[in-house]
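Please consult the sequence and the structure shown below while reading.

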Amino acid sequence: PFRPAMALGMETCFAKRIEEKIARRNRLEVHAFKGLVQSGARWQREVTELQKRVNALERASLVQEEENEALKAAAENNEELAKLGLEAKAATELANKVQRELADSYKANADACQQQLALRDQLEELQKQFNTTEDTLRKTANALAEAKSRVEELSLTVDAERAARAAASEELEARSVERDEATTKAASFEKENAQLVEMVMNMKLAEAERMNAANAVFEDAARRCEHADKLAAATLAHASAAPHAPALPTHAHIERSYDTPTPTKAAKRWVCNQGGASALAWDSTGTRLVTGGSDKVLHIWEAGGGLAGHQQPPCSASLRGSTQTVTAAIWSPNDQHVLTASSDRALRL
């Protein structure tokens with residue numbers, strides 16, 4: 001009967017120690033585990049209630065011991081002893097029940113301690129996550145500051161590009177005006193060029209007509225000469241048949257007389273174009289000569305004295321612009337312009 005009481009006393013001491021440890025741990029972690037304070041208080045109340053029950057059981061055990069002593073004093077009666085034995089057995093069962101309840105309370109306290117440890121681990125993990133999040137936020141703030149500085153730089157760059165674009169637009173408008181003016185001038189030049197080409201074509205046609213007329217005159221003169229030769233041959237034959245006719249020259253000794261003698265050598269010679277001249281023309285006054293050739297350069301010579309003398313006349317101008325050999329050149333009627341044609345299939349004024 002006394003052994004359960006000693007066990008209850010030891011368990012009570014152990015319970016007090018556990019209670020002190022829990023209270024000490026709660027005091028150390030009161031700030032970090034505010035959510036667990038209420039659970040600890042509840043467990044504390046449960047332990048207190050268990051302690052009260054243990055105390056009640058101890059008191060009951062003392063009463064039982066007193067009753068056992070009384071029963072020992074009255075052990076002479078077997079029936080009373082048997083009754084006391086039954087009561088002792090009931091007390092033992094009650095003590096066992098109390099021990100089981102104490103074991104359950106110890107287990108509940110152990111589970112609470114494990115839950116506190118798990119919660120502390122969770123709190124540490126949350127602290128680590130908070131530190132990681134804080135570092136991430138700090139890095140994000142730095143990146144945001146860099147992005148703001150970059151945006152400011154880009155804004156300045158965009159403003160500079162807009163200013164440059166505005167200047168380019170103004171310059172483009174000015175160039176468009178210049179282009180329109182140049183287009184107008186080009187149209188005017190093309191119109192004048194067309195007029196000059198038409199004038200040149202008319203001059204060429206007139207020259208061709210004059211050449212055709214000259215050829216017709218030359219052919220007529222050739223026919224007349226041939227007819228005169230035939231008449232001379234017939235006269236010569238008739239005269240040779242007469243006995244006292246004077247001798248006449250043969251057809252081989254007949255000489256013709258022309259107004260302009262045929263030249264036999266160059267009257268004047270000078271170098272005008274490198275690689276050879278392929279186009280030349282006199283102006284209407286006969287004082288200026290234009291030449292062009294394979295060097296793609298047009299030279300104007302001041303040949304005021306005509307072809308007399310042996311000195312090379314001075315060159316008053318050298319005009320460049322053709323990309324290939326100059327093949328033809330002609331003066332305008334007022335001697336102010338020269339129209340040229342070249343192998344690149346272009347006319348230039």
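Which residue forms a salt bridge with Arg138? The partner is Asp135, and the closest N and O atoms of the two are 2.8 Å apart.

## Basis of the values

This is a predicted model, in which local features need pLDDT of at least 70 and side-chain atom pairs count only at pLDDT 80 or more, while totals for chains, interfaces and linings use all residues. Residues are numbered from 1 along each chain as its sequence is written, and side-chain values use heavy atoms, with hydrogens and water left out.

Side chains of opposite charge can pair when their charged atoms come close. A salt bridge is defined here as a side-chain nitrogen of Lys or Arg within 4 Å of a carboxyl oxygen of Asp or Glu. By this rule the model has eight salt bridges. Helices (DSSP runs of H or I, at least four residues) and strands (runs of E, at least two) are numbered from the N terminus.

Arg138 and Asp135 are three residues apart in helix α3, about one turn of the helix.

Glu153 is partly exposed at 44% relative accessibility, and Arg150 is partly exposed at 46%.

Glu101 and Arg53 form a salt bridge whose closest N and O atoms are 2.5 Å apart. Because Glu101 belongs to helix α3 (residues 78–241) and Arg53 to helix α2 (residues 34–73), the pair ties together parts that are 48 residues apart in sequence. Arg53 is partly exposed, with a relative accessible area of 43%.

## The four-stranded sheet

Four strands form an open sheet in the order β1-β2-β3-β4, with antiparallel pairing; two strands pair if DSSP finds at least two bridges between them. The edges are β1 (277–282) and β4 (315–320); each has a single partner strand, so one side of each is left without a neighbour in the sheet.

Strands β2 (residues 288–293) and β3 (residues 297–302) run antiparallel and are joined by five bridges. Thr291 has His299 in β3 as its bridge partner.

Note on methods:
Buried < 20%, exposed > 50% of the residue type's maximum accessible area, 1.4 Å probe, protein only.
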